[in-house]
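Here is a short tour of the model shown below. Keep the sequence and the 3D view side by side as you read.

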Amino acid sequence: MVRRDPDDPKSPRIPAVNEERCIGCGACENLCPARPFSAIYVEGHSRHRTV
């Protein structure tokens, strides 16, 4: 979670993804504390969706 406006300490925090480390597993979506819907939605990589 990072500040929406880094210069404002009262700015709300929003999810941020480090695309170099993300493998598209969806763990962040599953564990997101935002309710009733997750603040992040993961579609995953196409190679992970094929069986």
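Which pattern does the chain follow when read along the sequence? The pattern is β-β-α-α, made up of two helices and two strands. Helices here are DSSP runs of H or I with at least four residues, strands are runs of E with at least two, and both are numbered from the N terminus.

Before going further, please note that this is a predicted model, in which local features need pLDDT of at least 70 and side-chain atom pairs count only at pLDDT 80 or more, while totals for chains, interfaces and linings use all residues. Residues are numbered from 1 along each chain as its sequence is written, and side-chain values use heavy atoms, with hydrogens and water left out.

Of the 51 residues in the chain, buried ones make up 12%. Buried means under 20% relative accessible area, exposed means over 50%, and partly exposed lies in between (1.4 Å probe, protein chains only). Some residues discussed in this report compare as follows.

| Residue | Relative accessible area | Class |
|---|---|---|
| S11 | 5% | buried |
| C32 | 9% | buried |
| S38 | 31% | partly exposed |
| C28 | 41% | partly exposed |
| V17 | 47% | partly exposed |

Two serines in loops

S11 sits in the loop between β1 (2–3) and β2 (13–14). Its side chain reaches the backbone nitrogen of R4 at 3.3 Å, a polar contact (a pair of N or O atoms within 3.5 Å; within protein, one must be able to donate a hydrogen and the other to accept it, and residues adjacent in sequence count only if both atoms are side-chain atoms). Leaving aside residues up to four places away in sequence, S11 touches R3, R4 and D5, where contact means heavy atoms within 4.5 Å.

S38 belongs to the loop between α1 (27–31) and α2 (46–49). A polar atom of the S38 side chain lies 2.9 Å from the backbone oxygen of E29. With residues up to four places away again not counted, S38 touches E29 and C32. The loop between α1 and α2 also holds P36, and the peptide bond from R35 to P36 is cis, with omega near 5°. Most peptide bonds are trans.

Cysteines

How many disulfides does the model have? The count comes to zero, taking a disulfide as a pair of cysteine sulfur atoms within 2.5 Å. C28 is in no disulfide, and the nearest cysteine sulfur, that of C22, is 6.3 Å away. For C32, the closest cysteine sulfur is in C28 at 8.0 Å, which is too far for a bond.

The largest pocket

The largest pocket holds about 200 Å³ of space. A pocket is an open set of points on a 1 Å grid over the protein atoms alone, where a 1.4 Å probe fits, with protein on both sides within 12 Å along at least five of seven lines; lining residues have an atom within 4 Å of a point. Grid points are joined across faces, edges and corners, and the volume is the space filled by probe spheres set on the points.

Among the lining residues are V17, C28, C32 and I40. The lining divides into 10 nonpolar residues, one polar and no charged. Here Ala, Val, Leu, Ile, Met, Phe, Trp, Tyr, Cys and Pro count as nonpolar, Asp, Glu, Lys and Arg as charged, and the others, Gly among them, as polar.

V17 is placed in the loop between β2 and α1. V17 and I40 are 23 residues apart in sequence and 9.3 Å apart in space, C-alpha to C-alpha. Not counting residues up to four places away in sequence, V17 touches C22 and I40.
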